[in-house]
Amino acid sequence: MAKSLEDMSLEELWQLFPIFLKEYNEDWAAWYKEESRRIQSFLPANQLYKMHHIGSTSIEGIWAKPIIDILLEIPRSEDMGSIQRKLLEYGYLLMSESEGRMTFNKGYTLQGFAERVFHLHLRYYGDNDELYFRDYLKDHSAVAKDYEHLKLILWKKYEHNRDAYTEAKTDFIRQYTQKAKQLYKRRYDDEIE
């Protein structure tokens, strides 16, 4: 086994961290609240942040990967690099980075998943399509169940290929995100700086 997660190939990581789904767990909302409070405790108080519980663990009643997704929106005037340094200092690992976006994780160990696993999506205000998708599923239980059904089908097919699992959900997510944006208009746009 590799000496660190950073030394492992993508295939090794997918074997150690397979896709798996669990029935909805009421603890997930509490885990989000605890972790969001923890993050707020070490980020500079003079900066404005908005955090949201996103992803399937935020939708009551559907099966989900037991990974708590957190969207952390920051003002466009803030430096992502300073927030990145704080997150790394407090136990998060940088998973990916692109223009105006960083994704971190916590709870991935050389022995597999920890009891609590988090993905933190650092974005500028307004880069928040996940909020529309989440709200649509919360408001449309039949669509939420369709999404659950799709994920259950994809689970075993792509158990050891996270990228293919994610890609196979993309059209469904895009379709209902667009419907949500039409339905909810500009629900979250007032937060853009």
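**Close-up views of the predicted model**

Buried residues account for 45% of the 193 residues in the protein chain.

**Figure 1. Overall make-up of the protein chain.** The secondary structure consists of six helices and five strands. Read from the N terminus, the order of elements is α-α-β-β-α-β-β-β-α-α-α. The C-alpha atoms occupy a box of roughly 45 × 45 × 30 Å along the principal axes. Of the contacts between residues at least 6 apart in sequence, 67% link residues at least 24 apart.

Figure 2. Helix H4 spans residues 129-139, and its buried residues are Leu131, Tyr132, Phe133, Arg134, Asp135, Tyr136 and Leu137.

**Figure 3. Packing of H4 on H5.** The axes of H4 and H5 come within 5 Å and cross at roughly 110 degrees. This angle makes H4 roughly perpendicular to H5. On the H4 side the contact is formed by Phe133, Tyr136, Leu137 and Asp139, and on the H5 side by Ser141, Val143, Ala144 and Tyr147. Sorted by class, the residues of the contact of H4 with H5 are six nonpolar, one polar and one charged.

**Figure 4. Packing of H4 on H6.** The axes of H4 and H6 come within 8 Å, with a crossing angle of roughly 85 degrees. H4 and H6 are therefore roughly perpendicular to each other. H4 contributes Asp129, Tyr132, Phe133, Asp135, Tyr136 and Asp139 to the contact, while H6 contributes Phe172, Ile173, Tyr176, Thr177, Lys179, Ala180, Lys181, Leu183 and Tyr184. The contact of H4 with H6 holds nine nonpolar, one polar and five charged residues. Among the H4 residues that contact H6, Phe133 and Tyr136 also take part in the contact with H5.

**Figure 5. Packing of H5 on H6.** Helix H5 (residues 141-157) packs on helix H6 (residues 162-184) at an angle of about 165 degrees, and their axes are 10 Å apart. The two helices H5 and H6 are therefore roughly antiparallel to each other. Their crossing is right-handed. The contact is built from Val143, Asp146, Tyr147, Leu150, Lys151, Leu154 and Trp155 of H5 and from Tyr165, Ala168, Lys169, Phe172, Ile173 and Tyr176 of H6. The residues of the contact of H5 with H6 comprise ten nonpolar, no polar and three charged. On H5, Val143 and Tyr147 belong to this contact and also to the contact with H4. On H6, Phe172, Ile173 and Tyr176 belong to this contact and also to the contact with H4.

**Figure 6. Glu11 in helix H1.** Glu11 is part of helix H1 (residues 10-16). With a relative accessibility of 52%, Glu11 counts as exposed. The C-alpha atoms of Glu11 and Leu154 are 18 Å apart in space, and the two residues are 143 residues apart in sequence. Leu154 is one of the H5 residues in the contact with H6.

Figure 7. Tyr49 sits in the loop between helix H2 (27-42) and S1. At 21% relative accessibility, Tyr49 counts as partly exposed. Beyond residues up to four places away in sequence, Tyr49 touches Leu43, Pro44, Leu72, Glu73, Ile74, Ile83 and Tyr125. Tyr125 is 76 residues from Tyr49 along the chain, with 8.9 Å between their C-alpha atoms.

**Figure 8. Gln84 in helix H3.** Gln84 is located in helix H3 (residues 80-89). Gln84 is buried, its relative accessible area being 16%. Leaving aside residues up to four places away in sequence, Gln84 touches Leu94, Met102 and Phe104.

**Figure 9. Arg123 in strand S5.** Arg123 lies in strand S5 (residues 112-124). Its relative accessibility is 4%, so Arg123 counts as buried. Apart from residues up to four places away in sequence, Arg123 touches Leu71, Leu72, Glu73, Ile74, Met80, Gly100, Arg101 and Glu130. Leu72, Glu73 and Ile74 are also touched by Tyr49. Arg123 and Thr103 are 20 residues apart in sequence, and their C-alpha atoms are 8.8 Å apart in space.

Conventions
Residues numbered from 1 in each chain as written. Predicted model: local features only at pLDDT ≥ 70, side-chain atom pairs only at ≥ 80, totals over all residues. Heavy atoms only, no water. Axes fitted to C-alpha atoms, helices over the stretch in contact; angles between N-to-C directions. Helix = DSSP H or I, 4+ residues; strand = E, 2+ residues; numbered from the N terminus. Parallel < 35°, antiparallel > 145°, perpendicular 65-115°, else oblique. Left-handed = near helix turned anticlockwise from the far one by under 90°. Contact = heavy atoms within 4.5 Å. Nonpolar A, V, L, I, M, F, W, Y, C, P; charged D, E, K, R; others polar. Buried < 20%, exposed > 50% of the residue type's maximum accessible area, 1.4 Å probe, protein only.
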